[in-house]
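Welcome! Here is a short tour for anyone meeting this structure for the first time. Take a look at it below, and then we will walk through a few of its parts.

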Amino acid sequence: MINALQLPCTLFRTQKRRDDYSASDMRCGELTETQLRTYYGLEYISDQVDPWTLTRRSSIDRPQSMFCCHLRGPGKKITRQQCAAILFDEFRFLSRQFSFYGPYRHLIEKMITHMQTGNGTPFRDIALNRALTEQIIRDSSEKNSTRILLLKALRTGINWEKMYLPAVNQDKLRKSIIEGRLPKFNRFGDNFNGMGVTIHDTRATHITLRSLQIHNDRYRAVVHYRVQDHLGLDSDDIRKKKFSQFHFFRIWFVLQHYMQFGFRPFMTNMEATVEITGVRHES
């Protein structure tokens, strides 16, 4: 068909582009101790170490101790590398308060280790792809699911007499996606299964129609989702009470932005291939 939609065809792309290393949450190693302590209020960072003096904390050198700030002596001096290693261990330990059940609870510790050792290289994991696929398939919202909205748009966009999808209906499919809700991990359960703290929102999404088969009054489409997020914090994040109240995020921000550390954030890449099947006449 001359006017049939040529496949594969990209149906949708977010305005925010992929691999945007200029984004604010991708900055690292650009803030001084004075800026972090005065402008961001990051005075007390860790129960294990003081990154400003590079010393180990004792059990009485903590806010919850009745002796804090009164009887403490000078802490044991450590190197910058030792301090960073201790902070990363505490970072991983504290992540468990956001990730304590389900098949993806291990991902946050794996991603923290990648921040520690990966030097900013992109992160991929088969578990992330599985989580994205499940999120898309299990979203049964008639108004918000991009999968369900595409199912309806395909049914009404196909030329059933000639059994093909006219190219002019590409925009119809794009608009159906815009009307929906792109895959995110901001459900209540994501606060505790590890997906909320690792991904939560997503930054860039590409959706491609890879193939379409039409036979009699049925069709089968294969749709591919490419989703990218950033594992990084920006200034707006740490100024929010919901982040700054947790040592987890305070440690994260200091490890990323303090010029004495400057551990690089990274792109998190995931993808899902979803099959959509439908019939000509809705029952």
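## A helix and its surroundings

How many of the 12 residues of α5 are buried? Nine of them are, so α5 is largely enclosed by the rest of the structure. Buried here means under 20% relative accessible area, with exposed over 50% and partly exposed in between (1.4 Å probe, protein chains only). Among the buried residues are Ile 148, Leu 149, Leu 150 and Leu 154. The buried residues of α5 pack against β1 (9-13), α4 (126-138), α6 (170-179), β5 (218-231) and β6 (266-279), where contact means heavy atoms within 4.5 Å.

Helices (H or I, at least four residues) and strands (E, at least two) are DSSP runs, numbered from the N terminus.

## About the model

This is a predicted model, in which local features need pLDDT of at least 70 and side-chain atom pairs count only at pLDDT 80 or more, while totals for chains, interfaces and linings use all residues. Residues are numbered from 1 along each chain as its sequence is written, and side-chain values use heavy atoms, leaving out hydrogens and water.

## Aromatic pairs

The whole structure holds 18 aromatic pairs. Rings of Phe, Tyr and Trp (its six-membered ring) pair if their centres lie within 6.5 Å; planes under 30 degrees apart count as stacked, over 60 as edge-to-face and the rest as tilted.

One of the pairs is tilted: Tyr 40 and Phe 253, 5.3 Å centre to centre with 50° between the planes. Tyr 40 lies in the loop between α1 (33-39) and β2 (49-50) and Phe 253 in helix α10 (residues 247-257), so this pair ties together parts 213 residues apart in sequence. Phe 253 is buried, at 0% relative accessible area.
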